[in-house]
Amino acid sequence: MSTVTDRRPWTLGPTGVTVVLAALVIVAAGVALLPVPVALRSLFVLPVLVLVAGHSVTRLVLGGHPADGILRAVAPLLFGVLSLLVSVLLLAALGLSIDTASIALGADAVTLLLLLAARGPTLLPHVEPEQSGYERVAWVGRATLRRAAGVVIAALVLAAAVAGAVALRPVPVESYTQLALTEPTVLAGRPLAARPGGPVTIRWTLRSYGFALTDPRPDEQVTIGGVPVGQLFPAALPPVPDTGNGPRSDAVSRQDGSVGFTAPNNAGLYDVRITVTSADDPTGQPSLLVVTMEVQ
Amino acid sequence: MTAMELDLPPAPEVPAKRTLPAHLLLSWPALVAAAAVGTLIVGYSYRLSAAGAAPNAYYAVFWIGMLLGVLPVGARIALRSTATADRGWAVALLGALTFMPKYLRNPTAPAYHDEYAHWREALDVLGTGHLFQVNALIPIVQFFPGTSALTVALQRLTGLSMWSAGELVLFAAHMLALFGVFVLARAHLRTARAGAIAALIYGLNPSAIYFDTQYAYEGIAVGIFVWVLAFASLASRSTGRTRITYTISAVVCAAGCVVTHHLTTLFLVMILVIVAVLVTVRARWTKQPDPAVRTWWLVLGGTVAAAATWLLTIAGATISYLSPYFGGSVKQLSAIGTTSDTSRVLLAPSVQPLWERGLTALAPVVLALFCLRLLLILRRGAHRDLRSDTLALMAFGLVYFPSVLFLLAPSGAEGARRSWAFSYVGLALIGAYLLERRSPSKHVRPAWTRPVALTAALAVLLMGNVGGGLNDPYRFPGPFRWGTDTNSASAEAETVAQELAAEVGPVRVVTDRYTALQLIAYGGLDVAAPSTGFPAWELLQKPTDPSSSLAGMLYTSGYDYVVVDIRMGEQAAFNGDNFGSGDLFFGKPTPMAYLDRLDDVPWASRIMTTEHLRVYRLDLPLIGRTLAGGS
């Protein structure tokens, strides 16, 4: 929108500008609380809350018509960012939880307060806003539209170039397996307990990254104190797709399994080595777990 | 507000004729096209480096792309015929171009040391709903919530990923810094051209393109810092209500700086002290009252009050955090004269091509020539045309030269590099003043000499400063290389962090400094910070069980897990060490037998394993017990 000094059709008076800005701020907070697409939130909610707050502070600081065009153009971004920072710090100072609702409402409240402070006089009936330095705003003219279109096209060209440059980078895919023990006793920091000659079962989970597991029965081997165990009771569930634990996890498959064997007859501390080898593993190497077992 | 209030002379912009080729080459479609093609070329250089191409090749391609984008914009900024609004758009394009290399370096996730820390901090703030979360990687980050507060606010309002929200904040801060310098220089040197040239020079400072565009608190704070100086400068040139509002704006910006970054606040106070003192001294010397005196002291007072309040109520740990850097670096610098043990070697052997290293050495020379030229001009009486605060800011720029010396001291190198983002404000003013000044020359030179010389100087500063900033693994993506903060990151470490956190929660872990970044960032794990008093490296770097004192510290502090990346046994760390300055195998791989040893002791159970990583659960009370033989 462009600022004009003369009265034209399709212009909005200072009071109208204030009301429109206030309405935009309220709608923006509402949209922030709704499950709307990221693009809409990024292109509407953020600019409205930041730039209206920034515009208000700029007006308070610079008055109606700052001489420096660059300052007038950039100050709303600076003050908008600072207003957002103040909103969150205020939430923290008040002991409120920082979440979507509090941020949206907090930023909304701060922006409305700033708007009121900056443009409050335009809402008073006995004040002549246009004589107090409050501008009328004209609807977008053809020249402004042409300029804005040029800026948008330039931004799109640069964004496309950035996207192209990002796409040029090869995305390395690491293919490997991750074998994890799922024995609560050991995870709690205690040795695996067994009775002499008693049965022992160790459970594990195998995850694959960068490739899918298909081998239904991976090879399992166990040594106790360096000696291979002859009689094993291996068990494994079929591999299933795994979504992983993190947003960037590339886990493809997951396979749960266990191995059973008989504990040594003599009491003492033993190191138990369990190797699991999936036929699908691109490294071809067995995965090793080592557990301390106390037989008593 | 009137021009008189701003103390600005009538606009001295002198439109000059532009020749047809220049008109076409520097038209907006050409500038945008050059920037776009330059961006693609920079992206291609990263493709080459990621694929392990020869450094000469990817460095050359990178600079072809950057120069293609930046030089035409620089020319458009410097042309006398460019309109003020166009200069503004050119500075905006420059901002996009100087932000682009770091963005393309790691567009989707953190890669720099400090980025991991701030990204984790933002995630923890979002997860808990409260600021001031303990940060295992950079503990002091906890007390400066500006970055996490803004990132979380943007993330919640837009729904972008936390990383993208952080990048958006940094992009805004980068733009604000350039435009802040624009406004600052315009206030001091009185023309938009000078302002834009100052922004151009500042945009080439050694920290601008990689360091201050990383997702960390300094980049954001610098964007605000510049505006403190800009508003203070505007206030000192204004009267009445305008002066008051500008002064308040400067103090508000200073407060924003205070809650965001400690070192930036420190430099801000230093600059304000220098300016306030010099302005006062000159006013008394000349016996001419200068209204700027009061303004600068007010802004200084407001800044110090905000910083002191923050330090006393929230961030008391800052003093103990920063003091070793200053004390240590001064000691090390003085020790360099007597011993070579602690010294650093400028432009030490690296993959950086010789020609870029030469330009790195040349950049301070170019700046020195600029400064010498300024001194000559001032000697002839030009200082009478410049106000005291302008001269004071220019004088602060000269801090750049002694700071280069601190690169030789291990503790001071980081501080020296970081000072450049601030001293360059003064250097930008000096450069803009010299380029804007029209002096009748006694010598008649061909018309092309000045543009060619300036373009060459611009290229030297751009290439030399970037070369003097961060090292190769920080600047370029590459194949896996053990012992770098950036290129040691692996999907394996990331998924181990995620799975470990999912299985046992945010436990305390001992690991090397590179794996630590992944464990903290992706798992929220609490990683030990080894030191001579807490030599946790002994777990992996000695052929014996940990001493009873170390075992006691580990046990009582709850460090129950050890994560080992066996690649530390296959190659020496690029940075030299795996556990900081106390590393027992500096410059060497850790013996693999020491790493394998953990599989043979009763007090450690290997509970998770990947191709290269091993996770052990410690049961330290079992130290001293022996394992029985086979069944």
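Arg373(B), Arg380(B), Arg438(B) and Arg450(B) gather in a patch of positive charge on the surface. This is a predicted model, where local features need pLDDT of at least 70 and side-chain atom pairs count only at pLDDT 80 or more, while totals for chains, interfaces and linings use all residues; side-chain values use heavy atoms, with hydrogens and water left out. Residues are numbered from 1 along each chain as its sequence is written, and chains are lettered from A in the order in which they are written.

**Surface patches**

- For patches, residues need over 30% relative accessible area and no salt bridge; like charges are joined within 9 Å, and nonpolar side chains (Val, Leu, Ile, Met, Phe, Trp, Tyr) within 5 Å.
- On the charge side, Lys and Arg count as positive and Asp and Glu as negative, with His and the chain ends not counted; a charge is placed at NZ of Lys, CZ of Arg, CG of Asp or CD of Glu.
- Helices (H or I, at least four residues) and strands (E, at least two) are DSSP runs, numbered from the N terminus.
- Arg380(B) has a relative accessible area of 63%, so it is exposed. The cut-offs are under 20% for buried and over 50% for exposed, with partly exposed in between (1.4 Å probe, protein chains only).
- There's a nonpolar patch too: Leu362(B), Val365(B), Leu369(B), Leu372(B) and Leu375(B) make about 450 Å² of it. Accessible areas come from the Shrake-Rupley method with a 1.4 Å probe, and for residues only the protein chains shown count as cover.
- Leu369(B), one of that nonpolar group, belongs to helix 14 of chain B and counts as exposed because its relative accessibility is 54%.

**Chain B overall**

- You'll find 24 helices and five strands in chain B.
- Of the 631 residues in chain B, 59% are buried.
- Chain B exposes about 23,200 Å², and carbon and sulfur atoms supply 65% of that.
- Take the chain B contacts (heavy atoms within 4.5 Å) with a separation of 6 or more: 74% of them are between residues 24 or more positions apart.

**Salt bridges**

- Over all chains, the whole structure has 25 salt bridges, each being a side-chain nitrogen of Lys or Arg within 4 Å of a carboxyl oxygen of Asp or Glu.
- Arg207(A) pairs with Glu499(B), the closest N and O atoms being 3.1 Å apart. This pair crosses between chains, from strand 6 (residues 199-209) of chain A to helix 20 (residues 491-504) of chain B.
- Arg625(B) and Glu294(A) form a salt bridge with the closest N and O atoms 2.9 Å apart. Arg625(B) is in the segment after strand 5 (613-618) of chain B and Glu294(A) in strand 13 (residues 287-295) of chain A, so the pair joins two chains.
- Arg625(B) is partly exposed at 39% relative accessibility, whereas Glu294(A) is buried at 16%.
- Asp526(B) bridges to Arg508(B), with 3.0 Å between the closest N and O atoms. Strand 2 (residues 526-527) holds Asp526(B) and strand 1 (residues 508-510) holds Arg508(B), both in chain B, so the pair ties together parts 18 residues apart in sequence.

**Backbone angles**

- Phe132(B) isn't a glycine, yet its phi is positive, near 65°; Phe132(B) lies in the loop between helix 5 (113-128) and helix 6 (146-158) of chain B.
- Arg190(B) has a positive phi near 75° and lies in the loop between helix 7 (162-189) and helix 8 (192-202) of chain B.
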